[in-house]
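I opened my notebook to look up a few things in one structure. Here are my entries.

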Amino acid sequence: MPLYSYQCTTCGAHFERAQSFDDRSVPACPNGHAATRRVFSPPTIIFKGAGFYSTDHRRAGKSKGSAQDA
């Protein structure tokens, strides 16, 4: 199940809840307040391997099917 982050709009407390995708209920604050909102954050993506960096490119003249090979 995904882990969602929430923030209480009354006291500002941050907390996390594991909920299914189909669960639309908004959890209450652990301090007893009812007004909470979901906090969105960017996903963590790590690109590994060749081809993901600006320094990972072919050297000039080494590509297949270039005009000089014909």
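**Entry one: the cysteines**

How many disulfides does the structure hold? I looked, and the structure holds 0 disulfides. I noted at once that this is a predicted model. A disulfide is a covalent bond between the sulfur atoms of two cysteines. I took cysteine 11 to begin with. The closest cysteine sulfur to that of cysteine 11 belongs to cysteine 8, at 3.6 Å, and this is too far for a bond. The cut-off I needed here is a sulfur pair within 2.5 Å. Then I turned to cysteine 29. Cysteine 29 is in no disulfide either, with the nearest cysteine sulfur, in cysteine 8, 3.7 Å away.

Is cysteine 29 buried or exposed? I read 5% relative accessibility, so cysteine 29 counts as buried. Cysteine 11 has 37% relative accessibility and counts as partly exposed.

Which residues make up the largest nonpolar core? I listed 6 residues: Tyr4, Tyr6, Cys8, Ala13, Phe15 and Cys29. Strand E1, residues 3-8, gives the most to this core, with 3 residues.

I searched the whole structure for aromatic pairs and found 1. The pair is tyrosine 6 with phenylalanine 15, and it is stacked because the ring centres are 5.8 Å apart and the planes lie at 20°. Tyrosine 6 and phenylalanine 15 are both buried.

I then looked up what tyrosine 6 touches beyond its neighbours within four places in sequence. Among its contacts are Ala13, His14, Phe15 and Arg17. The list also includes Ser25, Val26 and Pro27. Thr36, Arg37, Arg38 and Val39 are on it too.

How many bridges pair E1 with strand E2? I found 5 bridges, and the two strands pair in the antiparallel sense. E2 covers residues 14-18. Tyrosine 4 has arginine 17 as its bridge partner in E2. Serine 5 stands opposite glutamate 16 in E2. The hairpin of E1 and E2 has 5 residues between the strands, and there glycine 12 takes a positive phi near 85°.

I moved on to E3. E1 and E3 also run antiparallel, joined by 4 bridges. Serine 5 stands opposite valine 39 in E3.

Where is valine 39? I found valine 39 in strand E3, residues 36-39. Its relative accessible area is 26%, so valine 39 is partly exposed. Leaving aside neighbours within four places in sequence, valine 39 is in contact with Ser5, Tyr6 and Gln7. I also checked valine 39 against cysteine 8. The two are 31 residues apart in sequence, and their C-alpha atoms are 10.0 Å apart in space.

Glutamine 7 was next, and I placed it in strand E1. Is glutamine 7 buried or exposed? Glutamine 7 counts as buried because its relative accessibility is 18%. The cut-off I used is under 20%. Again leaving aside neighbours within four places, glutamine 7 is in contact with Gly12, Ala13 and His14, among others. Its contacts also include Ala35, Thr36, Arg37 and Val39.

One last note on strands in general. In a regular strand the side chains alternate between the two faces of the sheet.

Conventions: Residues are numbered from 1 along each chain as its sequence is written. This is a predicted model: local features need pLDDT of at least 70, side-chain atom pairs count only at pLDDT 80 or more; totals for chains, interfaces and linings use all residues. Side-chain values use heavy atoms; hydrogens and water are left out. Buried means under 20% relative accessible area, exposed over 50%, partly exposed in between (1.4 Å probe, protein chains only). Contact means heavy atoms within 4.5 Å. A nonpolar core is a set of buried Ala, Val, Leu, Ile, Met, Phe, Trp, Tyr and Cys residues joined through side-chain atoms within 4.5 Å. Two strands pair if DSSP finds at least two bridges between them. Rings of Phe, Tyr and Trp (its six-membered ring) pair if their centres lie within 6.5 Å; planes under 30 degrees apart count as stacked, over 60 as edge-to-face and the rest as tilted.
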